[in-house]
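Please look over the model below before reading the numbered points.

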Amino acid sequence: MPQTPSLPGTTDRRLAALLTLLSENATIVISGARIAREIGVSRSTVWRWVEQLRELGVRVKGQRHTGYFLERVSDILTPDLLRKRLKGNLFGKRVFHFFKTDSTNRVAMELGYAGEPEGTVVMAEEQTAGRGRSGRSWHSERGTGLYFTVLLRPRLAPAQAPLLTMLAGISAHAAIEAQTGLVPELKWPNDLMLNGKKIGGILTEMHAEPSAIRFVIIGVGINVNQEKFPAELAPIATSLRRESGKTNYRLELLVRLLTQFESDYNRFLREGAAFVVDRFQEVSTFARGRRVRVDTGSESFVGITAGLNPEGLLLVTRDDGSPVTVIAGDVTEVR
Ligand code: BTN
């Protein structure tokens, strides 16, 4: 199995192996001696790591002399399990896992500069400084949402990078629908919404030269199992759990999403922008015929969405009839 090199703060490979062993045998007691043998450490190290996992919020039951087990099927995104499930997939090769980091986008950016290859995935159980669009932050409660970033090195012009954001939105949309039966709204350029509230967002950042992308990182945040949100977010954010009443296995959703994304990404590279633009318009009822307010930072106006242009930019017809092409901005529905 390909090994991912360690990076300060990433989950120790053997600690991850312990977690995988417990997850694969959830609710079954495994003796400390067996664990020690299988992951190649001493029994007292096993005990120390179990303590560490408990501190991180993993529900490991049992004791030193009886053995250990996970109280219920754990929903930790163990890198080994992800690699196993994504065998042969572009995103199953290099996986960096953090229990806690500031921002997976920040880490992925650093890895990009350090020469990490296309397909590298950085994921975290919790982010202390999750980044959102327009300098906003992304609320990243421990163990409830999906917070991950993928690194790509496509041969594209920098102006095409926003298409990758839209592509990730399309893949996330499909994965959420396949897993939960819920059909999110895709709001240009990068918002996933359910019942008018946000369940997911995508933040793409890149390092480029004037005519070519060196690397691009695509950070995805999805509210999966959150039961509630801080007061200031409660009116605008929701989770799959809140909308469906069901808890979702985050690893499963991540596997679906990355599998879908690999196939959509390859199609985009083969077929070009038209694939993204057409697919986006198929799944986004927002892209056409909605009355919206557009905030570009320098101006704000109201109009009706009129589809996307061939480059994926949003077309809006202002109230006075004049057409506008929106390059970047916040778009909100006006009712
Ligand atoms: C938005 O504002 O809609 C974009 C939110 C993107 C959040 C994700 S969470 C994982 C990745 N790491 C970050 O710091 N941000 C993105």
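1. Helix α6 (residues 161–180) packs against helix α9 (residues 273–283) at an angle of about 45°, and their axes lie 10 Å apart. Axes are lines fitted to C-alpha atoms over the stretch in contact, with angles running from 0 to 180 degrees between N-to-C directions. Helices are DSSP runs (H or I, at least four residues) and strands are too (E, at least two), numbered from the N terminus.

2. The two helices α6 and α9 are therefore oblique to each other. Under 35 degrees counts as roughly parallel, over 145 as roughly antiparallel, 65 to 115 as roughly perpendicular, and the rest as oblique.

3. Which residues make the contact (heavy atoms within 4.5 Å)? From α6 they are L163, M166, L167, I170 and H173; from α9 they are A273, F275, V276, V277, R279, F280 and V283. By class there are 10 nonpolar, 1 polar and 1 charged. Ala, Val, Leu, Ile, Met, Phe, Trp, Tyr, Cys and Pro count as nonpolar, Asp, Glu, Lys and Arg as charged, and the others, Gly among them, as polar.

4. The model is predicted: local features need pLDDT of at least 70 and side-chain atom pairs pLDDT 80 or more, while totals for chains, interfaces and linings use all residues. Residues are numbered from 1 along each chain as its sequence is written, and side-chain values use heavy atoms, without hydrogens and water.

5. The lining of the largest pocket has 17 nonpolar, 17 polar and 12 charged residues. Strand β8 (197–208) gives the most to this lining, with 5 residues.

Notes:
Contact means heavy atoms within 4.5 Å.
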